[in-house]
Each structure stands twice: as structure tokens, then as C-alpha cells.
Amino acid sequence: MTMHALDALGSPFRRDILVALRHEPLSVGQLAGMFPVTRPAISRHLRVLEEAGLVELYEQGTKNIYALRAKGFRSAHEFLDSFWDAALDQMELIAREDALRAAGRPTGPR
């Protein structure tokens with residue numbers, strides 16, 4: 001599992017950029033107009049997202065356009081899903097123990 005994606009997602013500002021790109025591909029200039037930071041700052045954040053595989057760059061005339069790269073989210077998704085699966089397993093165990101207690105049966109240690 002690549003941690004680059006999770007590291008990139010750790011920044012609230014980069015998450016905001018991803019939310020903006022979720023609707024449509026945008027140029028650096030368009031993104032800069034949406035946020036109170038400079039174009040170079042936007043470019044630095046986009047570079048981190050691109051290196052993490054979360055966005056891809058393509059040229060359209062003289063503009064650099066950024067779009068979400070769905071495959072890039074796969075490793076982060078799988079990593080987070082592993083915690084969800086463990087949480088569901090724990091919830092099932094607790095529910096079974098509660099049912100045994102309600103029936104007056106002894107339960108094992110957690």
C-alpha cells in the first residue's frame with residue numbers, strides 16, 4: 001500500500017482541491033480563483049497530488065488541466081476498508097456477547 005496517497009490526503013487544503021476536481025477537470029488558474037492562495041501554491045499542492053497518483057495532468061492548448069485519477073484512490077480505499085472490516089468484526093463479536101448475556105449465558109474475554 002502506498003502511503004503517498006494517504007499523506008497527500010492528510011492536508012485539508014488538498015482535500016478541498018480534490019472536492020473541486022470531483023465536479024470537473026480544472027486548470028491551475030481556475031483552481032487559484034477558487035481559493036485564497038497564489039497560483040504557485042496551488043501548483044505545489046497539485047504536484048503533491050499528482051505524485052501521489054490522485055490527479056493527472058493533461059495539456060489543453062496552453063493550459064494545464066488537472067483531473068481526478070480514480071485508480072489513485074484505490075490503495076487508500078483498500079487501507080481504510082481494512083479498518084472498516086475489523087470494526088464490523090468487533091461489532092459482531094460485541095453483539096453476540098450481548099445476546100449471550102441477555103440469555104444468561106457466560107461470555108468469553110474480549
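Is serine 75 buried or exposed, and what is its relative accessible area? Serine 75 is buried, with a relative accessible area of 13%; buried means under 20% relative accessible area, exposed over 50%, and partly exposed in between, with a 1.4 Å probe and protein chains only.

The model shown is predicted, so local features need pLDDT of at least 70 and side-chain atom pairs count only at pLDDT 80 or more, while totals for chains, interfaces and linings use all residues. Residues are numbered from 1 along each chain as its sequence is written, and side-chain values use heavy atoms, with hydrogens and water left out.

**Figure 1. Serine 75 in helix H5.** Serine 75 lies in helix H5. Helices (H or I, at least four residues) and strands (E, at least two) are DSSP runs, numbered from the N terminus. Between the C-alpha atoms of serine 75 and histidine 4 there are 9.5 Å in space, although the two are 71 residues apart in sequence. The buried residues of H5 are Ser75, Ala76 and Glu97.

**Figure 2. The length of helix H5.** Helix H5 has 29 residues, 74-102, and should span 42 Å at 1.5 Å a residue. The expected span of a helix is 1.5 Å times one less than its number of residues. The end C-alpha atoms of H5 are 41 Å apart, which agrees. Just after H5 comes glycine 104, with a positive phi of about 80°.

Figure 3. Buried in H2 are Phe13, Arg14, Ile17, Leu18, Ala20 and Leu21. These residues are on the same side of H2 because they cover an arc of only 160° around the axis; the arc is that of the directions from the helix axis to the C-beta atoms. Arg22 and His23, on the other side of H2, are exposed.

**Figure 4. The packing of H2 with H4.** Two packed helices are described by the angle between their axes and the distance between the axes. For H2 and helix H4 (residues 39-51), the angle is about 80° and the axes are 10 Å apart. Axes are lines fitted to C-alpha atoms, for helices over the stretch in contact, and angles run from 0 to 180 degrees between N-to-C directions. H2 is therefore roughly perpendicular to H4; angles under 35 degrees count as roughly parallel, over 145 as roughly antiparallel, 65 to 115 as roughly perpendicular and the rest as oblique. H2 makes the contact with Phe13, Arg14, Ile17, Leu18 and Leu21, and H4 with Ile42, His45, Leu46, Val48 and Leu49. Contact means heavy atoms within 4.5 Å.

**Figure 5. The buried face of helix H4.** The buried residues in H4 are Ala41, Ile42, Leu46 and Leu49. Seen down the axis of H4, they fall within an arc of 135°, so they line one face of the helix. Glycine 53 follows H4 and has a positive phi, near 80°.

**Figure 6. Alanine 32 in helix H3.** Alanine 32 is in helix H3 (residues 28-34), and is buried, with a relative accessible area of 14%. Not counting residues up to four places away in sequence, alanine 32 touches Val37, Arg39 and Ile42. Alanine 32 and isoleucine 42 are ten residues apart in sequence, and their C-alpha atoms are 6.3 Å apart in space.
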